[in-house]
Every structure is written in structure tokens, then in C-alpha cells.
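Please examine the sequence and the model shown below.

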Amino acid sequence: MLRLWPLGLGVNFSFTGDGEHNGATVGLGNYAELIDDPLFRTALGNVGLLVLLLPVAVAIPGLLATFIYLRVPGHQVFRSVYFFPAVLSPVIVGAIFNLLLAFDGPLNAVLGGSGLGPVDWLGDPDVAMFTVVGVHIWATSGMALVVFLAGFSTLDPALLDAARVDGASLARTIWHVIIPGLSRTIQFVVVTTMIGMLTSMFGLLYVMTSGGPEGSTYLPEYYIWVQQGQMSRPALASAASTLLFLIMLVVGLLQVGLLRRAGRED
Amino acid sequence: MKQRTLWSAIPVAGLVVLAGCGSAADPDAASGGSKGKLVVWDWKSGDAAASTYVKKAKADFAEQHPGVTVEFVAQPFEQYYTLLGAAIQAGKGPDVMLFNGGGQIRDRADSLLPLDEYVRDDKKRLAGWEAFTKDSKTYAAPVTLQGHPIYYNKSLYRKAGLDPEQPATSWDEFVANCRTINEATGARCFAQGNKEGIGIQFFLSGLGSGVLSPTEYDDWIAGERDWSSPAVKRVFSLWKEADAKGLNNDGANSTAMFNDAFAVFQSNKAAHVIGLMSDIGHWKDFAEFLGPDDVGVMKSPIVTAGARPSLPYDGGIGYAVAKRTKDPEAAADLVRSLTSADALKSFHADAGAIAADRTVDVSSAGPAVATIVSEIDRGKPALHVALPSRTVDLMGRLSQQLLSGSVTVDAAVEQLAASDQAG
């Protein structure tokens, strides 16, 4: 009851009006307005972009964990270095990268010095979303890396030795030995990373871009916050929330399906 | 299986039955305080600089209402309207609350008590009422004035061989001066921060009186905005042109106005900035870095013939009363105490803000303040404050698109007109 009642209220509000229509039933009016709103469509498009970028977000900690597992020089140091950002608040991470990625900041100074020219990392609508996702991956990959390392501890070392004896290259070892051996770990990291990307980027977005430039970095939860808090449109925000809930439900069901299938394969 | 389906269907059916009943904002709920106690929400009372102001206001109120307790709850500004909106919707909002002038208070006017009958005696003493007015009803009493003077760096003018006491009065002359300054000192013309889309608001209000005719300006404030007029389009083409000509610092769309753009001005990297009159990004901040005598204040240069430049300003912040407060008279009296001459005098002295009270003496605050205050009687409300908040929000995004070239001026004003008409 405690969980369903607030959910029910949210769905209920989404069918009522805002402002002078406060309390009046508007049917699917809020949903029609959402579909018509290019900003909300951008936010939904960005959800799709996050799903597309998911393999990158999983591959980076996976590769780093592989290098650590294969004992690259300094691997014990890297284990801590890669994990360290996971303990930082998104607000702090955002503030740090705001300084680093400022138009007249140190990264652009280096790029300018090398003749590559400055990039408006947070001011170019074609670049900003990738920048924020990149920082999110930087900040959160440590946790996925730990999960991968735990998965490596279950990997049969005899298979790796056999690959080495057969003269397999690193790429072939990863493709034919490590990835199949870690399939369940990879699936788990895919699920948790996807949840993290869809639900935990608000802090970074708020600090780094405020949804800009041109609304290019809006995500549904940021849109909900703006409509509810800044535009004083709780009913519209409730409709957006309900849609986000439905999206998460579909994504969640797909994930459950994936996990079940993985379980059956074992 | 059938039973499981049935149990799943019950909550869904409940949702369907509920759908469309009630509202997100509960119109019948009472606000937070009780009889004998008033709760005030703001983002100022926690500041050390405002402590004397709050003490004086409380003392003034206590004299009139010795049996009423007043509790101030300072909220973080970044979350203020989110928290306030949620509290009002839940019927747990405060009795008295602080608002910025403009869209935020107008959007919530339905939940507020019209104060006209209570503040009649303060009308002449205080300035800036328009920003707290909707449909001829006043919903808050102004504490400070907020406006958008064009500040300039007199030291850069001097280094470039220009007379710092004679800033440009026409746009062409202004651009020529900027070129001279850039060649002599390397400084850009404008410190511009448009990361949150705030830059365009300051630009529209700071330069608007130099572009629109006086009649068009007054019509705009009165709500009769002709977005297709050449002068209105000129403001947005000027915004684009200023950036294209290199008048702004680089990366305006990724530079935050607070405080990065102001830092550009303070560090002599730009000769002008359209700043504020109170709280932050104002003469006091700039004087700390540039020196009080090097902070100049100028009116907008004339961009189109017939324009009559003036200081754009409104009520900055003001206290309002919740419609559902249990003791409206006491709450209105508290608002009057919070805007009493004695309290506002302290607010000006300690926080450096330009108080809404015309009787407060500002003669010791420096030359920039003297220039601003001398223009108050001739000034007019700022253009962007007259817009609904959703139009301001859209304008922020469109202004970024104008800078990146992904929208034309015509398309931008068309969208703004549609949003403005939708209210």
C-alpha cells in the first residue's frame, strides 16, 4: 500500500490540469502536450542514446579489469586509481570537470597547444551529451570494474594458460576466452550500468550543463524536475514521471528476461 | 495464475478509477503556520549579512503582535522554488514567503493573498511593485530593487585612450570603442555567460531600451508584445551579431553567468558586463576587484533611432502571503515589517543591495550606486521580467541556438510569440 499509493497519486495527477485548470480532469491532455513538446522528445531521444552508449560504458571497465587481471605493470595501483572516483559525489565530479572542460580550461589549453584547437565540450550541442556521459562513465566505472574483477576470480586460469600456449593474441584471448567465461558478470554489469545511466545522471546534468546547450542534454528526470519546480506544472511533471516509469518498467522487464535466459543457459 | 492476474489487476483498476480525480496542487489545503504562529520561508534569513535586517523586522512585528511567534526557515536558493512548489501543493507551505519578481510569483498567484488593501500606505515609499503584480493585484511587497545596468571598466577605457566618463551613446560608437579597447588591451567587449540561458535575459533587458521605441517598450511591459516587429527582431539579431563579431568572450554557451562571466569582467578580460543591482554581480562585487572608482555604469547605447534608453529595473525580491494562511492580517503586517524603512536601511547597509525604499540614504555606497539610484525615477521595468517563466525558459534555449546558428531569428521569435501567447 505504501508503495502503490504514491504511484497511484502520481498517475492520477497526470490526468488533471495545471494552473487555472488545477484539479480539472484533462484526460490525456498532459500526455498529448508531452508528445508535442520537442524538449521532452529530446529527453526521450537521449534515453535512446544512453542505451546505444551502454556497450561503451560496459566495455571500458571490462577492458580495464582485464588489464589489471592480466597484471599490467602497476596493476595494484590502477585498481585503487580506477575505483577512487566511485566515492566522489556527482556534484563534486561535475564541478571538477566544469573546471577541466571550460572553454578556456586546461584541456583546451593542451589541445590548443598541440594545434587541435579548442572544443566547446559543454557548449556545443553535438558534443555536450557525450561529454556528460563520458564523465559519468569515468565516475562510475570503478564499481563495475570491481564486479568484473570478482568475475575474473571465478574464471578458470587453465583456459587462459591454454590460450597462451596456443599463441593466441590478446584480442583473441579476450574474445574467445574472457568474454564467454564472464558472460553472467557482463550481463549483471549491463543491467546495473543501464539502471545507473537512466536514473543517476541528474546531479551531473544539473551541475555540468543544466540541460543545455539548446536542451541537448535533457533527460526525462531533469525535465520532470524543471516542470515541477521551475515551471510550477506538477500535473505535467506527473505525466512525464508516469511515462518514465513505464519506460523503466519495460527496460526492467527486458533485463529480467535477459537474466532469466542467462540462468537457463547455465 | 488466474489469482495472480487478479491481484495484479486490482491496483491497476484502482489507478484507472482514480485517474483524473483530485489535483496535483491541493486547492483546499491550509498553509503551514497555526493561529499565533507565522512561518516564513526565504533564502535570505540564513545569511549573516541579513541578520540585523531580520532582527529589526521581527522587533517591529513583535511590537504590533506580541502574542504571535515568527519562525524563519531559510532554504537553499537552488532548490527554493522546487521545495516551495511542493509545499504549496501539499498544503504545507509557509504563511509568508519570499519571491523573485516576475514569472515565479505570477505563476503562483493563485495560491497567494492579494495585498493591496494592506500595503496601501507603503505604495509611495517603496518602488518596484510591478514585478509582484498580476492582473492589477499586488501579491508581494518589494524588499530590494533588481535591475540590469551596463557596467564598464573605466581603467580599460583609460588604457585604450578613451574618456571613461563619456561612454558611447550609439551602438556604432559602442562597437568602435570596443574595437579600440580590444586592440589596446586584448579585452573583449562583453563578459557573456549563457550556459543556463541567463545571458539573453540580461542582454534583452540591458539593451532593450536602446532598441525598442518608448511606446513599444511600454506595450511590451503591458503584455501587448508584437514579436514580429522589426525592433523586437533586432534585439535577437543583435544578440547573434554581438557574438559573431567577437564582442563576447569565447564559449558564451558554456560560460555560467554566476560567477564565471562576472569573473571575466572582474579580471579585466572584458570591458562591459550587463550585471545586477542587488545581491551578486553588482557594483559591490566589481568594486572589490576593480576599485570603486573604476566601476562605471552606462545606459544602453541607442541601436535604433527614436529609442530612449533607461535603467531597466523591477522589484528584486519581495515577501508574499499564502492565500490559506490562518491569520491574513498578521501575515500582511509581518510583510510590512519586513519592508519597513528601518529594516530595509539595515539590509542595504549590510548586504549592499539597493533597497526598494526610496528614503534609504545610499550616498556612501560609491559612484556606481549614485548613478544607478539617480536613474531609478526615470527607469522602466525590465523586459524579460514581464515574460511568463516558460517563455523565459524557451528564450534561454533559443538564445543558445541563435549563437550556434541552428535557428534563425525569425524562427526564434515565432516560437517565442507562440509560447508568450499560450501564457
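The sections below describe a predicted model.

## Helix H9 of chain B

Helix H9 of chain B runs over residues 230-244, 15 residues in total. From its first C-alpha to its last the helix reaches 20 Å, close to the 21 Å expected at 1.5 Å a residue. Just after H9(B), B:Gly246 adopts a positive phi of about 75°.

## Buried residues and packing

The buried positions in H9(B) are B:Ala231, B:Val232, B:Val235, B:Phe236, B:Leu238, B:Trp239 and B:Ala242. An α-helix has 3.6 residues a turn, so residues three or four places apart point the same way.

The partners of these buried residues are other helices of chain B: helix H6 (171-185), helix H7 (199-208), helix H8 (214-221), helix H15 (389-404) and helix H16 (409-422).

## Interface of chain B with chain A

In chain B, 35 residues are in contact with 39 residues of chain A. The area buried between the two chains is about 2900 Å², and carbon and sulfur atoms give 53% of that area. Between chain B and chain A the count of salt bridges is zero, while six residue pairs are in polar contact across the interface.

On the side of chain B that touches chain A, helix H1 (2-18), helix H3 (77-89), helix H4 (103-107) and H15 each supply at least two residues. H15(B) gives the most, with seven residues. By class, this side of chain B has 10 nonpolar, 15 polar and 10 charged residues.

Definitions and conventions: Residues numbered from 1 in each chain as written. Chains lettered and ligands numbered in written order. Predicted model: local features only at pLDDT ≥ 70, side-chain atom pairs only at ≥ 80, totals over all residues. Heavy atoms only, no water. Helix = DSSP H or I, 4+ residues; strand = E, 2+ residues; numbered from the N terminus. Expected span 1.5 Å × (residues − 1). Buried < 20%, exposed > 50% of the residue type's maximum accessible area, 1.4 Å probe, protein only. Contact = heavy atoms within 4.5 Å. Buried area = accessible area lost by both parts, 1.4 Å probe. Salt bridge = Lys/Arg side-chain N within 4 Å of Asp/Glu carboxyl O. Polar contact = N/O pair within 3.5 Å; in protein donor to acceptor, adjacent residues only side chain to side chain. Nonpolar A, V, L, I, M, F, W, Y, C, P; charged D, E, K, R; others polar.
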